[in-house]
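Let us take a friendly walk through a protein model, one feature at a time. Have the sequence and the 3D view ready as you read.

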2 protein chains.
Amino acid sequence: MPKRVDHQERRKLIADALMRVAAERGLEAVSLRHVAAEAEVSSGMVQHYFRTKDEMMTFALSVVRERGEARVTRAVAALGEDPSPRTLLRTMLAELLPLDEARRADGRVALAFLAYTAVRPAVAAGLHRETAELLAFIAGQIRAAQAAGAAETRVDPDRAAVALLAVMEGLGVYLLGGHYPPETALGALDAQLDLLLGPAPPAQRGRAVPPRRPSKP
Amino acid sequence: MPKRVDHQERRKLIADALMRVAAERGLEAVSLRHVAAEAEVSSGMVQHYFRTKDEMMTFALSVVRERGEARVTRAVAALGEDPSPRTLLRTMLAELLPLDEARRADGRVALAFLAYTAVRPAVAAGLHRETAELLAFIAGQIRAAQAAGAAETRVDPDRAAVALLAVMEGLGVYLLGGHYPPETALGALDAQLDLLLGPAPPAQRGRAVPPRRPSKP
DNA sequence: CCGTTTGCATTGCAGTTGCAACGTAAACTG
DNA sequence: CAGTTTACGTTGCAACTGCAATGCAAACGG
């Protein structure tokens, strides 16, 4: 039986189990044995693929990141050929909000890792690059909208991008905390886009994110 | 010696130690013994004042909330008699951002508790009330600014309040993660206020929060 | 002045933790 | 077919965990 196993695949299997544990009971409940049990493998196997717990955590963090990226790319791809900046931004950001249970689970894990990395700065390096790229992209879209005359040109695209991404992150945090219902968050997101890009064309207004067919990533 | 002790004071002493541990090494490192050691008391004493660890955590969470509130009220009080809505909002929100090391430490603890409560919904009840109050207050200020003609009346105050608070929370999270420097966060906050309330009067622009004298709360 | 209550310190315990060590069986290499 | 490597499974261990139990001295109530 041995030797013919995909190393990366096993690691993802374990990381997935870790995320399930973390989503349900928090990162504090993540132990070698719990993860192993959740993945239905022996704890020896977990040790075989991750020499230390920290290695496992770091890998899981990268998986979380990639999941988010995959979500966004899929949602954006579903928009078809070059969508308007507004549609693009709204789709991206709404996709990153924990609006259904699947995304809530991911969100809880992400939030846990956020707290985790806040105390272990060394692990956070990868996140910085991603944030920087996202910010650059968002700023680009805002600039495009301004050039097309759709947006007020008084706002600095870079600052607006930082604010817009922060809105999304903050809404996500409050949603996870159950401070308000999803509609409130979506309303605030749309209001923010209105502020930045001017009122939306009526067809767009309040349109839901396209339905996502069930998948087992 | 016994009998003449202020119960509440001891509990705060312990909670403070807990927050120091959590700020440095995360909530996972918070154990009865660690907290006791940090507070320089016996672990028996900790058990005397908190019958279970959960009771201690819940109390610490309430202390975190109160600290934040105290910070804001102090900063706002320093503004003097009825300041403009814009000044008020900017002062409040900037005070809640982790811009110096003291507030970063508090922020790390708050973030850790956010992840903590996301998995234990029962504990989060108190937070909801506070958020709701804050939102109502912010919305009120925005309404006031609109009535005074300072702000564009096209934005819905309630939605704008949700977005504004989310901006602050999101900026805080990214700051704690070290994704960008404090100036970027402050820039985005000001940009957001510009969007909501119109450009700031020149005297206000970029003015720093009044210096906070060192204190041992 | 004596019992009760309060405020702590110490000890002990069962359970859990990360991790090292060892064992083993299957595939690949020569 | 011998030997090495890969892929695990099992066991064990020292450290740590929350918590119960016990002890004890000081203040207070009677």
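The report below goes from the overall fold to the pairing of the chains, and then to single helices and residues.

## Before we start

This is a predicted model, in which local features need pLDDT of at least 70 and side-chain atom pairs count only at pLDDT 80 or more, while totals for chains, interfaces and linings use all residues. Residues are numbered from 1 along each chain as its sequence is written, and chains are lettered from A and ligands numbered from 1 in the order in which they are written.

## The overall fold

Chain A has 9 helices and 0 strands. Here helices (H or I, at least four residues) and strands (E, at least two) are DSSP runs, numbered from the N terminus. Read from the N terminus on, the elements of chain A go α-α-α-α-α-α-α-α-α.

Of the 217 residues of chain A, 40% count as buried. A residue is called buried if 20 or more other C-beta atoms lie within 10 Å of its own, exposed if 12 or fewer, and partly exposed in between, with C-beta atoms placed from the backbone. Among the contacts in chain A with a separation of 6 or more, 62% come from residues 24 or more positions apart.

## Two copies and how they meet

How are two copies of a chain related? By a rotation about an axis and a shift along it.

How many residues of chain B are in contact with chain A? There are 43 of them, and they touch 43 residues of chain A. On the side of chain B that touches chain A, α6 (101-119), α7 (125-147), α8 (157-176) and α9 (182-197) of chain B each supply at least two residues. The most comes from α8(B), with 14 residues. That side divides into 26 nonpolar, 11 polar and 6 charged residues. In this count, Ala, Val, Leu, Ile, Met, Phe, Trp, Tyr, Cys and Pro are nonpolar, Asp, Glu, Lys and Arg are charged, and the others, Gly among them, are polar. The copies meet through the same surface, because 100% of the interface residues of chain B are also interface residues in chain A.

Is α8(B) enclosed or open? Of its 20 residues, 19 are buried, so α8(B) is largely enclosed by the rest of the structure. The end C-alpha atoms of α8(B) are 28 Å apart, which agrees with the 28 Å that its 20 residues should span at 1.5 Å a residue. The expected span is 1.5 Å times one less than the number of residues in the helix. Just after α8(B), G178(B) takes a positive phi of about 70 degrees.

Helix α6(B) is mostly covered, with 14 of its 19 residues buried. From its first C-alpha to its last, α6(B) reaches 28 Å, close to the 27 Å expected.

## Helix α7 of chain A

With 23 residues, helix α7 (residues 125-147) of chain A reaches 34 Å from its first C-alpha to its last, close to the 33 Å expected. Its buried residues are L127(A), L134(A), I138(A), Q141(A), I142(A) and A145(A). What covers them includes α4 (53-77), α5 (85-96), α6 (101-119), α8 (157-176) and α9 (182-197) of chain A. Just after α7(A), G149(A) takes a positive phi of about 80 degrees.

## The core and a loop

The largest nonpolar core has 128 residues, and those with the most contacts inside it are L18(A) and L18(B). Such a core is a set of buried Ala, Val, Leu, Ile, Met, Phe, Trp, Tyr and Cys residues joined through C-beta atoms within 7 Å. Not counting residues up to four places away in sequence, L18(A) touches V30(A), V35(A), M56(A) and A60(A).

E40(A) lies in the loop between α2 (32-39) and α3 (43-49) of chain A. The phi of E40(A) is near 60 degrees, a positive value in a residue other than glycine. E40(A) is exposed, with 8 other C-beta atoms within 10 Å.

How values were computed:
Contact = placed C-beta atoms within 7 Å.
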